[in-house]
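Subject: Handover of a structure

Dear colleague,

Please find below the sequence and structure that I am handing over to you. My findings follow directly after them.

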Amino acid sequence: MYDRILVPTDGSSGTDETLDHALHIAADNDATVHALYVVDRRLFLAADEDTQDDVIATLEQEGEAALDAAETAGANAGVEVVGERREGIPHTEIMSYAEEMAADLLVMGTHGRTGRDRLASLGSVTERVVENVGRPTLVVDIGDGED
């Protein structure tokens, strides 16, 4: 049913749980996981001009670490993981990449909200993608465990 699964990653600890779900689905379907890290251009454009290069370098390093971690997790699970780093506005790049690679499924996480607000208030990137991508999307609750 699924051949190409897209997992956007920001390198946070919550991404590990989201990636774990994607890897299990991929293993069950002999699918490839595509891990995508987006260098958010808004973050370095908002920085002072004299620090922009440092901000870009830090974001790129975080992206490489996040993609390396995804590829390692995939190798440990016996699942092929393809890493991709892009620059732009995260939700726009995620939707664009999902279209380009013809993703069968997107797996994304919520952000650290608590209680009932967790699912009602998805992270802004996840919310924008879910509302606009037009592809099956699994949203993994990566809240802090409080109810």
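Is R85 buried, exposed or partly exposed? R85 is partly exposed, with a relative accessible area of 34%; buried means under 20% relative accessible area, exposed over 50%, and partly exposed in between, with a 1.4 Å probe and protein chains only.

Please note that this is a predicted model, in which local features need pLDDT of at least 70 and side-chain atom pairs count only at pLDDT 80 or more, while totals for chains, interfaces and linings use all residues. Residues are numbered from 1 along each chain as its sequence is written, and side-chain values use heavy atoms, with hydrogens and water left out.

**The sheet**

Five strands form an open sheet in the order β3-β2-β1-β4-β5, with parallel pairing. Strands (E, at least two residues) and helices (H or I, at least four) are DSSP runs, numbered from the N terminus, and two strands pair if DSSP finds at least two bridges between them. At the edges stand β3 (81-88) and β5 (137-140); each has a single partner strand, so one side of each is left without a neighbour in the sheet. On average, neighbouring strands of this sheet are turned by 25° against each other, direction ignored. The parallel pairing of β1 and β2 runs over five bridges, and L6 has H34 as its bridge partner in β2.

Helix α6 (residues 124-132) lies across β4 and β5 and runs at about 155° to β4. Axes here are lines fitted to C-alpha atoms, for helices over the stretch in contact (heavy atoms within 4.5 Å), and angles run from 0 to 180 degrees between N-to-C directions.

**The nonpolar cores**

A nonpolar core is a set of buried Ala, Val, Leu, Ile, Met, Phe, Trp, Tyr and Cys residues joined through side-chain atoms within 4.5 Å. The largest has 24 residues, and I5, V7, V33 and V107 are those with the most contacts inside it. At least two residues of this core come from each of β1 (4-8), α1 (13-29), β2 (32-40), α3 (52-77) and β4 (105-109). The largest share, five residues, is supplied by α1. Not counting residues up to four places away in sequence, I5 touches several residues, among them A22, I25, V33, M101 and V107. In soluble globular proteins, nonpolar side chains tend to be buried together.

**Salt bridges**

The structure holds eight salt bridges, each being a side-chain nitrogen of Lys or Arg within 4 Å of a carboxyl oxygen of Asp or Glu.

- R85 pairs with E64, the closest N and O atoms being 2.9 Å apart. This pair links distant parts of the chain, with R85 in strand β3 and E64 in helix α3, 21 residues apart. E64 is partly exposed, at a relative accessible area of 35%.
- D104 pairs with R4, with 3.5 Å between the closest N and O atoms. D104 sits in the loop between α4 (90-100) and β4, whereas R4 belongs to strand β1, 100 residues apart. R4 is partly exposed, with a relative accessible area of 28%.
- R42 pairs with D40 at 2.8 Å between the closest N and O atoms. Leaving aside neighbours within four places in sequence, D40 is in contact with L59, G88 and P90.
- E84, R86, E93 and E100 are linked in a network of salt bridges.

With kind regards
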